[in-house]
Amino acid sequence: MFALAATLPAVAQARPADPAPAAAAAGSGGAVMQVNTGRGRLITLSRPMSDLFVADDSIADVQVRSPTQLYVFGKKPGETTISATARGGAVVYATTVRVGNNLDSVGQMLRLTMPEANIVATPMNGLILLTGTVAAPEDAAEAERLVQGFVGDTTKVLSRLKTATPLQVNLQVRIAEVSRSFVKNIGVNLLNRHSTSGGLLFGIDSGRTTGSSIANATNAAGQITGTTYTVARGPDRTTLGLGGRILGMDLLAAIDLGETLGQVTTLANPNLTALSGETATFLAGGEIPIPLASGFGAVNVEFKQYGVSLAYTPTVLSDGRISLRVRPEVSQLSSAGAVTIGGTTIPGLTTRRAETTLELGSGQSMMIGGLLSNSNDNSVDKTPWLGDLPLIGSLFRSNAFRRSETELVIVITPYLVKPVNNQADIALPTDGARTPRDIDRVIKGELGTGASGERRPVPTMAPPRQSAPAIGLSAPATVAPPAAKPSKPAKGVPAPGFSN
C-alpha cells in the first residue's frame, strides 16, 4: 500500500496547500477533516509510518511526501477514511475526510452576512447540515436560503438551527355562548254543579291546572250562605278563573295560560403560555367521581374532569407564524342525562369542545368553532273526536309551543411573548384590596376596602455595593465617609425594602 500511494498522480503535488493546514497527532482516531473540492491539506505525523490505507480514493486522494508527511486532496463531495500504521501495526494516524464544495467559503459567507449568528456548515453524504443558534426564526430561513444559493441546487441544505432565546406563545381563547328558550301553554278547564241537590254535573279538564272546585259556603252555625268557587293555580303558570250561577247552575271556568322565557349566557376566557414545541394544559373546574364495578363485588372510582380546560401545542415557524394544535373545552354538571347506580346519582355533563390545527400570526384571531341552532316545537293535546269539533272543540284541547335558540362562538388569538423584567408591571385581581377594619365592617357593612388600580407592595432591587480593594493592590484604600442621617430615596431610584 505504501508503494501504491507513492505513485499517485503528480497533479496532486502541484495543488497549493490550504492556507490553514490541519495537523493531527498519532492515534487521533475519530477526528474529522473537512476539505474543499479541488483543494488539499498537508498532514505532519508524529512518527514514521509504514502502511497507508484509503477507503475510497475517488472522494479523497493521498500522496506520501515522506514517512512523516501526507498530502490529502479532495476530488468530489463525500466521506471517506484514511489510516496510517507503523511497522509494528500501531496506528499512527486515522481520520474521516469530508469533501464538499466551497465549505470554507460557505462559513465565511455566513459570518459576513450574519455576524450576530453562530452557524456551522457541515457536509454529510452529499448535503450540508446547518447547526448552531440564530436570533430569530426568520434568520434560520435566511441562512438556509443563502447557503442553498451559494452551493447550488445540486446540493441539499438541511437546517437544524435553533433560536438563541426560546420562543414562548401565549394563547387566548374566548368561548361565548347564549342560549334562549321560549315556552307557551294554553288550556281550558270547565266545571259545572247544580245549585240544588241533584241535577246535572258536567266538567271539562283539558288544561294543566288541577284543583278547581265548587263548594257551599257555610257560617259558624253550619248554615249554607252561598257558593264558593276555588281555582288552584298550576305550578309556574297563570290561571284565569270565572265563576257564577247561570240558568240555575253553578259554573266555574278556568283558562290555563303559561309562558316561560329563559336565557343563559356563558363566557369563558382561558389563556395559557407555553414554549414553542411544548404542550400546555389548563383546567379550572373539578372532578366528579364515577363508580365502576370490578370483580368480586369490588367498586373502583374513576374521576371525570369538568370545567374550563385548554390544551394546545404551539410551533413557531421560520417566518414568525405560529402553528397551533388547540383543544378548548367548557363543560358543566347537568341533571339531564344523570344516572343512578346503587343509590348514587351521577350527574351528566354538558360539553362544548373544539379540536383543530391551524396557522396564525402573532396577534391574529380566528374563529375555530361556531354553532347557531334554532328549533321550534308546536304540540296539541286534545280529546279524540271532541277536540276536532268546531267552536266547542277548543274546550277539549290544549296546545304548547316551544322555541330554543343557541349561539356558540370559539375564538383564539396567539401571541409571541417575552417575560417582564419587573413583577410590578403585572397587575393582579387582588391589587388594591384591603381587609376592612372592625368599624367599617360592623358600622358601614363593608366587605372589603381599597381603591381600584392601586399597586401592591413589591420588593425592589438594592443598589450595588462597592467592595474594598484587595490586599496587595496598588490602589490606595478609600476611607468611608461618616454615616449620614438616613433619608428617603429619590423617586424612581431603586431601594431595598418594599415599594410602599
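## Asp440 and its partners

In this predicted model, the side chains of Asp440 and Lys444 form a salt bridge with an N to O distance of 3.6 Å; a salt bridge is a side-chain nitrogen of Lys or Arg within 4 Å of a carboxyl oxygen of Asp or Glu. Asp440 is buried at 6% relative accessible area, whereas Lys444 is exposed at 57%. Here, buried means under 20% relative accessible area, exposed means over 50%, and partly exposed lies in between (1.4 Å probe, protein chains only).

Asp440 is placed in helix α5, residues 438–442. Helices (H or I, at least four residues) and strands (E, at least two) are DSSP runs numbered from the N terminus. The Asp440 side chain also makes a polar contact of 3.2 Å with the side chain of Arg437. A polar contact is a pair of N or O atoms within 3.5 Å; within protein, one must be able to donate a hydrogen and the other to accept it, and residues adjacent in sequence count only if both atoms are side-chain atoms. When neighbours within four places in sequence are set aside, Asp440 is in contact (heavy atoms within 4.5 Å) with Gly445, Glu446 and Thr449.

## Basis of the values

The structure is a predicted model in which local features need pLDDT of at least 70 and side-chain atom pairs count only at pLDDT 80 or more, while totals for chains, interfaces and linings use all residues. Residues are numbered from 1 along each chain as its sequence is written, and side-chain values use heavy atoms, with hydrogens and water left out.

## Other salt bridges

A search of the whole structure finds 15 salt bridges. One of them joins the side chains of Glu177 and Arg352 at 2.7 Å, N to O. Glu177 is in strand β11 and Arg352 in strand β21 (residues 344–353), so this pair ties together parts that are 175 residues apart in sequence. Both ends are buried, Glu177 at 14% relative accessible area and Arg352 at 10%.

Glu407 forms a salt bridge with Arg180, and the closest N and O atoms are 3.1 Å apart. Because Glu407 lies in strand β24 and Arg180 in strand β11, the pair links parts 227 residues apart in sequence. Glu407 is partly exposed at 35%, as is Arg180 at 29%. Elsewhere, salt bridges that share partners join Arg325, Arg327, Glu329, Arg353 and Glu355 into one network.

## Nonpolar cores

The largest nonpolar core has 23 residues, and Leu171, Tyr312, Val326 and Ile412 have the most contacts inside it. Such a core is a set of buried Ala, Val, Leu, Ile, Met, Phe, Trp, Tyr and Cys residues joined through side-chain atoms within 4.5 Å. Elements giving two or more residues to this core include β11 (168–194), β19 (299–316), β20 (322–341) and β24 (397–417).

Among the residues that Leu171 touches, not counting those up to four places away in sequence, are Leu310, Tyr312, Leu324, Val326 and Ile412. A second, separate core of 19 residues includes Leu45, Met49, Ala60 and Ile82.

## A three-stranded sheet

An open sheet of 3 strands has the order β2-β5-β4 with antiparallel pairing; two strands pair if DSSP finds at least two bridges between them. The edges are β2 (40–44) and β4 (60–66), each with a single partner strand, so one side of each is left without a neighbour in the sheet.

Strands β2 and β5 (residues 69–74) run antiparallel and are joined by 5 bridges. Within β5, Val72 is the bridge partner of Arg41.
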